[in-house]
Number of protein chains: 2
Amino acid sequence: MYKAPVDEILFTLKHVAGLGEDLANGIFGDLDDDLVDAIVGEAGRFATDEVAPLADIGDRQGSTLTDGTVRSPDGWRDLYHAWAAGGWNSLTAPEEFGGQALPHMLHIAAMELWNAGSMAFALAPMLTMGAVDALEKHGSDALKSVFLARMISGEWTGTMNLTEPHAGSDLGVLKTRAERRDDGTYRIFGQKIFITWGEHDLTDNIVHLVLARLAGAPEGTRGISLFLVPKFLVNDDGSLGARNDLFCHSIEHKLGIHASPTCTMVYGDGRFGDEKGAVGYLVGEENKGLNCMFTMMNNARLAVGTQGVAIAEAATQHALNYARERTQGKAPGWKGAGMSPIIEHPDIARTLLTMKAVTQGARAITFACARAVDRAHVAEGDAARYWQERSSLLTPIAKSFGTDVGVDVASMGIQVHGGMGFIEETGAARYLRDARIAPIYEGTNGIQAIDLVTRKLPLSDGGHVRGFIAELKAVAEEVGASNLAGFGETGRRLEDALADLEEATEWLLARLAEGKTAEALAGATAYQRLFGLTLTGVYLARGGLADAGDGGRDARIALCRFAAENLISETATLKDRIVNGAASLAAARIALA
Amino acid sequence: MYKAPVDEILFTLKHVAGLGEDLANGIFGDLDDDLVDAIVGEAGRFATDEVAPLADIGDRQGSTLTDGTVRSPDGWRDLYHAWAAGGWNSLTAPEEFGGQALPHMLHIAAMELWNAGSMAFALAPMLTMGAVDALEKHGSDALKSVFLARMISGEWTGTMNLTEPHAGSDLGVLKTRAERRDDGTYRIFGQKIFITWGEHDLTDNIVHLVLARLAGAPEGTRGISLFLVPKFLVNDDGSLGARNDLFCHSIEHKLGIHASPTCTMVYGDGRFGDEKGAVGYLVGEENKGLNCMFTMMNNARLAVGTQGVAIAEAATQHALNYARERTQGKAPGWKGAGMSPIIEHPDIARTLLTMKAVTQGARAITFACARAVDRAHVAEGDAARYWQERSSLLTPIAKSFGTDVGVDVASMGIQVHGGMGFIEETGAARYLRDARIAPIYEGTNGIQAIDLVTRKLPLSDGGHVRGFIAELKAVAEEVGASNLAGFGETGRRLEDALADLEEATEWLLARLAEGKTAEALAGATAYQRLFGLTLTGVYLARGGLADAGDGGRDARIALCRFAAENLISETATLKDRIVNGAASLAAARIALA
């Protein structure tokens, strides 16, 4: 059973991602160490004791649809209410509407914990928080006054309605339409698919944010508007009014996250209300809907990366526990009586160490990204731009590397279990089933790579990424200068990886400058992984360099060395693929004909 | 829907694995090109038209257990009987018992086809053929006369009963016991788990091969005997007699291969018959059971590698079809109207080409291994030893590389489908669920790596593997000498990979010679992949070098070049991990404490 790694998370927040420095510098006002410890500790307790025990029943029962009503698994409504009552939904929300205005770093740390407990459960608040973000930044005061506080408290949940059958990644072609009414409201008509927690029984109302197109709007993404469309309309006194003209038509039968209902939502077909059309309220300006949605999407991407970390952590714990108890054969050098625990076999130890190293690396990346979000939020001028660019650069890496790690580690976890890993009751298989969606939604990892290469590398004319690499090199030098024998070849290995990263970066920037986009994109996914792997090495090293006085330093240094000497040299292969692979890729299209 | 790649399979058999040369040299008697084409073509038709259409219902319904009776999915009993009536079960079996005595290469080619149609279905005959193998080689004439012909015809199926809850990989500790009776029969008592198709309604009888221990037998693997234990006893006239004292206690709830019942079998608890104990007949000699089982296991390992290839092929076809039809966004350089098919996006093209290249590489490895089995069968003296060693060396690589490719490609296939990939009805997810068992059963891939490094590399004092590498180098030189521009850097890339393979091989042999087993085993899995990747490159090159006059050569050369310039350089990383990774792995055990 999952046990929240509270100490590891606190260590990573403070000593790797930089929260310790920020607290010391008073960046977050009177937020102090003790409060951070208390929040993460209590979130960990809730995830361990309350969320995780309901994950299996959620997977087995799933959420089910009957006559337009979605029933959540046994115990989940109570779980959700206990969770909301704990104030967990309001962590980062503005105080004006009842939030606690805490740093995004704490939100991401807590998100990891909920997702490790149950990814299907955590999706409900994840979507709500995204909707809160968009509404807070772009909604009118009137909309905020009705909806925001009740979404922040968790009384109502929120959703994101983007996808249509023919419009997934390419939102420019969506067809859901909106009609303006004289009273300033709109009527929405259309069908949306893949709407996470689009309908459920956890709360009395659900607030849908829906992308739609007004008649006569410009073609493509410049003609999309964002609307708030509640399941139940809200009376002036705040009580729930009439049912709005929308409903859940069907839910998907999915590989994983069974308890999270993935809904096809139908707006404006006349099932409810006197007049056809779901009542919607404009968020932001007409035709500027995509801008509003991007606010949600960036934070959601980081949160999805966190889901990958969460699954990886849970799967690693599960496999580690099994490998310590299960005995089979005799490992080389085994002196004990009878069979050895399988963890003694070098191949199993390697697998578990790989799981630990990439999980910890991916976690550090998500926290570093969250820190950049926080710093951008409180900084001004050049510093604000610097941190804004840092969070922009790290977001696709956090999303893609975190979610790839989630899948890879979950699959390794099954393998460690041997035959038991394939049996559903063991629990290892669910991690893979749940994890598999994360590299897909919120923009596939291929799309993250396009974003990273074509939009993030060029920030400040390449100045930002170059500056970042220089910062990373300083860590590698620090390892060399530390004279800590436990690091082994880490310093040199990191320098090699950073040289690969630098060469690949310059090659890509040069291709972009020449307008050779196809060549640059041919290596985009390899570049994304190269960046993630290098950051894994550097962040593990930063952890090893930090002397937290907690007795864990030797193990951290040893894990860092393992990563440096066993995993990181993949960067050479990736760099080679980036700078030498495009021509043969183009030539090989004949083999796909 | 899956369409059997008959031409690709025939090309690989003849021009890559060497069947063409063998036919020309009359190695397999009067077997000729036309007959090979007819067999593979007809197997392909059956897999495409009969097996594949029942795969989904098999997955959805699964096999179900009620009161000890297992019900197979709708239509599966008829499917099985049509398949057996087609003579497919008897392909390689001896003619004396009604078999066709065809080469193992054709068996493996056909196995790929059945498994691509439905892996859950193909498991039933796969186990039967393993039992036929063991019985043919080790069974008494009396046993053969009663059971063999009816297993070869497919009238009865066979099973392998090895695993017990505490004895998976380590068979030495199994507890199922056998008692000798005065009439020469035995009585079997115990519980076996993970018995594939251990109980079902496809046939009227099921022939279990069961490992058990006689009282007073030596400890460990030297005290294990093999018994044939039929579900129904057989009367002297060949009719079915009394129900034997065994039953299926439960079936597992698994991640995939739902239609294949994975049974817990209970022997000798007195449910059936007058006297407690399941009647068993000794196969081979007492306490030599493991030798008999190894006959089955080696062929089964190759067949499991083939399952990985099969899933990879089916998943690749599925993804390719989707990527050609689904439009989204505009790929760089796209000149068409509206959105481009996603196959035009470089990242999707790279993914599909990777899927194709590793699938084809893994297929060639399984066929090359099957050819070695065939040649060993017909050769004598040094040649027999050479081919025996070749099949021994290739078996763990075929098993592990094939099954890893199956999982990787199935996962990539989901990714290509985007959100649709996560929806079960799409069909892409099933491939991953089914594929995930293959790296685990018949010896985990970690165990294959131990076998490869500690038992296969030392064959002929390392002479066999060194000779094999020399043969592979000749292919790389041939590429260089061919002056075919389409190969690009293939020749040099293959030489680099082969140098990595050679260095890693010598390093491992040196560690073994020094008794440093733990160091060697630390890199065993990396070595196994290094070997598989290098073989992929070489076999793709061999395919490109062959001029089959079928118009496919340019595409084969282009795919080979893609693999050489994009995938194969991973060998450098793997070699580094093997020769430099063991020390940090050992040091990092502190991080697992």
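According to UniProt, in an unreviewed entry, the annotation "domain: Acetyl-CoA dehydrogenase-like C-terminal" covers residues 468–587 of chain A. UniProt positions follow the numbering used here, feature names are shortened, and annotations may be inferred rather than shown by experiment. That stretch is 82% helix and 0% strand, with its end C-alpha atoms 35 Å apart. UniProt also places "domain: Acyl-CoA dehydrogenase/oxidase C-terminal" (again an unreviewed entry) on residues 287–452 of chain A. Here the span is 73% helix and 0% strand, and the end C-alpha atoms lie 26 Å apart. Helices (H or I, at least four residues) and strands (E, at least two) are DSSP runs, numbered from the N terminus.

Keep in mind that this is a predicted model, where local features need pLDDT of at least 70, side-chain atom pairs count only at pLDDT 80 or more, and totals for chains, interfaces and linings use all residues. Residues are numbered from 1 along each chain as its sequence is written, chains are lettered from A and ligands numbered from 1 in the order written, and side-chain values use heavy atoms, leaving out hydrogens and water.

Axes are lines fitted to C-alpha atoms, for helices over the stretch in contact, and angles run from 0 to 180 degrees between N-to-C directions.

| Helix pair | Angle | Axis distance |
|---|---|---|
| H9(A) (residues 289–325) and H10(A) (residues 346–378) | about 155° | 9 Å |
| H1(A) (residues 6–16) and H3(A) (residues 33–51) | about 140° | 10 Å |

The angle between H9(A) and H10(A) makes them roughly antiparallel (over 145 degrees; under 35 is roughly parallel, 65 to 115 roughly perpendicular, and the rest oblique). Their contact, meaning heavy atoms within 4.5 Å, includes Leu302(A) and Ala323(A) of H9(A) and Ile348(A) and Ala370(A) of H10(A). The residues of this contact divide into 13 nonpolar, five polar and three charged. Ala, Val, Leu, Ile, Met, Phe, Trp, Tyr, Cys and Pro count as nonpolar, Asp, Glu, Lys and Arg as charged, and the others, Gly among them, as polar.

H1(A) and H3(A), on the other hand, are oblique to each other. Among the residues that meet are Val6(A) and Leu13(A) in H1(A), and Val36(A) and Gly44(A) in H3(A). That contact has six nonpolar, two polar and three charged residues.

Finally, the two chains. A rotation of 180° with 0.0 Å of shift along its axis puts chain A onto chain B, at RMSD 0.0 Å. The copies are therefore related as by a two-fold rotation axis. They are superposed by least squares on the C-alpha atoms of residues with pLDDT of at least 70 in both. The copies meet through the same surface, because 100% of the interface residues of chain A are also interface residues in chain B.
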